[in-house]
Amino acid sequence: MGILGLAKLIADLAPNAIKEQELKHYFGRKVAIDASMCLYQFLIAVRSEGAQLTAVDGTTTSHLMGIFYRTIRLVEQGIKPVYVFDGKPPNLKDGELAKRAERREEAQKLLQAAEEAGNVEDIEKFNRRLVKATKEHSREAKQLLELMGIPYIDAPCEAEAQCAALVKAGKVFATATEDMDALTFGCNILLRRLTYSEARKMPVQEFHYDKVLEGLELSTNEFIDLCIMLGCDYTNSIKGIGPKRAIELIKTHRSLEKIIENLDTKKFSISEDWNYKQARLLFQEPEVMDPETIDLKWSEPDEEGLVKFLCGDKQFNEERVRNGAKKLHKARNTSTQGRLDTFFKVLPNPNPSKRKAEDAKGAAKKSKRGATRKPRGRSK
C-alpha cells in the first residue's frame, strides 16, 4: 500500500523535492529496485489477449518476461540494477495482509458473478485484482537474475527498508519503487516510474528526502508521524483525518502524542489499542542487513543457461533470448566513459570574496597587457 496521499502532498507543499528526469540521466548509476513491486506490476501488465503468459503446464511466466526485457533495457541505458526481495513481513503488517486477503476473497466472488454474466470487461478487471506475487514467482525471478548476471538481495524483512539502507550507506544511488514508504524509512533518493518510464513514455520522478523535510518543514520523526497519520501498512490511521488536516496537526503539535492529547474526540475517535508507537519504531529502526556486509557484483550473462531456463516449456523465443543475452554482454563489456561526478569532486572555496577579488585582479592585468601589446604587421 505504501503511504496514502504522500506523493500528492509532497507535490503540493514541497514541489522542489521532485525532479523529472529522462532514463538516460541515470547512466552509470547503481539503483536498488523493489523486486516484489516489479513482480506485481509484471503479473498484471504483461499479458497476451487479456491473459497472463504461461508455460506449457499452465504456470505463469509474465513475471519472467517482464524481468528479462525490462532489466535488459535498464542495463542498455548504463544503469546497474540490484533487485531487493521482501523477507518475512513484520508482525505489525498482519492487519494489512488480512485486509488484502479479504479484498481478494471479495474479488473472487465478483469474478464468479462476472463469468456467469459473461461480462468480459469485469472478468479482466477482477482477474487483475486477484493477482498476487508468490514465493515461487520470487524464486524463479532470482534464478533468472543469476543467469543474467544481475545481483539480488534477500532482505530479512521489508524490501523498501533494505533499499533505503543501501542508499544511505552509499552502496547505490537511489531506490526504484512505486511505494512512497521508502522515504519514510529515510531513503535519500526515491525513483518512481524508473522500471517502466521508457515503455510508457513518461519521465522518471526523483524524490529527494532532504528537500521533502525542508519543504514540509518537518524533522525526521515528525515526518514519520505524518506518514503514520496518512495511512501505512503497519497500523490504522485516525478515521476522518485526511492529508491536509494531518500536516496541519503535525505542524501544530509536532508529535502523535501531543495530537492525541489535543484532538477533538467528539469529531475523531482513536482506538485504545492504536499501536502507532510500534509502527514508528519499525520505521526508525527497521530490520535490515548491514549494507557494509553486502558485496554487489554484476557478472557475465549465462547465454546457454538462459536458453535452457526460458525456452522449451516456458515457451520463450530462443532467438530473442540469445539476442537479449548478447545485449547484456555488450552493455557490460562496452568501454564507456563513466559519470564525471565519480571522478571529480568540486571542493568548496573557503573564501569566496577573496577568490572573486583575485579573479578581478587577474582580469585587469590581462586587459592591461592586451592594451599595451603592439599589433603585428603583415610581412612583405
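The legends below describe a predicted model in a series of close-up views.

**Figure 1. Overview of the predicted protein chain.** Residues are numbered from 1 along each chain as its sequence is written. The protein chain has 17 helices and 9 strands. Helices (H or I, at least four residues) and strands (E, at least two) are DSSP runs, numbered from the N terminus. Of the 380 residues in the protein chain, 44% are buried. The term buried means under 20% relative accessible area, exposed means over 50%, and partly exposed lies in between (1.4 Å probe, protein chains only). A contact means heavy atoms within 4.5 Å. Among contacts between residues at least 6 apart in sequence, 70% join residues at least 24 apart.

**Figure 2. The buried side of helix α1.** Helix α1 spans residues 6-13, and its residues Leu6, Ala7, Leu9 and Ile10 are buried. These residues lie on the same side of α1, because they cover an arc of only 165 degrees around the axis. The arc is that of the directions from the helix axis to the C-beta atoms.

**Figure 3. Helix α2 and its two ends.** Helix α2 is mostly covered, with 9 of its 11 residues buried. Among them are Met37, Leu39, Phe42 and Ile44. At the start of α2, a side-chain oxygen of Asp34 reaches to within 3.3 Å of the backbone nitrogen of Ser36. Ala45 also belongs to helix α2, which covers residues 35-45. Ala45 counts as exposed, at 51% relative accessibility. In sequence, Ala45 and Ser62 are 17 residues apart, and their C-alpha atoms are 8.2 Å apart in space.

Figure 4. Glu140 is found in helix α6 (residues 135-148). The side chain of Glu140 instead makes a polar contact with the side chain of His63 (2.9 Å). A polar contact is a pair of N or O atoms within 3.5 Å; within protein, one must be able to donate a hydrogen and the other to accept it, and residues adjacent in sequence count only if both atoms are side-chain atoms. Leaving aside residues up to four places away in sequence, Glu140 touches Thr60, His63, Leu64, Phe309 and Lys314.

Figure 5. The side chains of Glu136 and Arg139 meet in a salt bridge (2.7 Å, N to O). The two residues are separated by about one helical turn, because they are 3 residues apart in helix α6. An α-helix has 3.6 residues a turn, so residues three or four places apart point the same way. Glu136 is partly exposed at 39% relative accessibility, and Arg139 is partly exposed with a relative accessible area of 43%.

Figure 6. The structure holds 17 salt bridges. One of these joins the side chains of Glu304 and Arg322 (2.8 Å, N to O). This pair links distant parts of the chain, with Glu304 in helix α15 and Arg322 in helix α16, 18 residues apart. Glu304 is partly exposed, with a relative accessible area of 49%, and Arg322 is partly exposed at 21% relative accessibility. A network of salt bridges links Glu303, Glu304, Glu318, Arg322 and Lys326.

**Figure 7. Two loop residues with positive phi.** Glu217 has a positive phi of about 60 degrees although it is not a glycine. Glu217 is found in the loop between α10 (209-216) and α11 (220-230). Gln315, likewise not a glycine, has a positive phi of about 65 degrees. The place of Gln315 is the loop between α15 (303-310) and α16 (318-333). Glu217 is exposed, with a relative accessible area of 51%, and Gln315 is exposed, with a relative accessible area of 51%.

Technical notes: Predicted model: local features only at pLDDT ≥ 70, side-chain atom pairs only at ≥ 80, totals over all residues. Heavy atoms only, no water. Salt bridge = Lys/Arg side-chain N within 4 Å of Asp/Glu carboxyl O.
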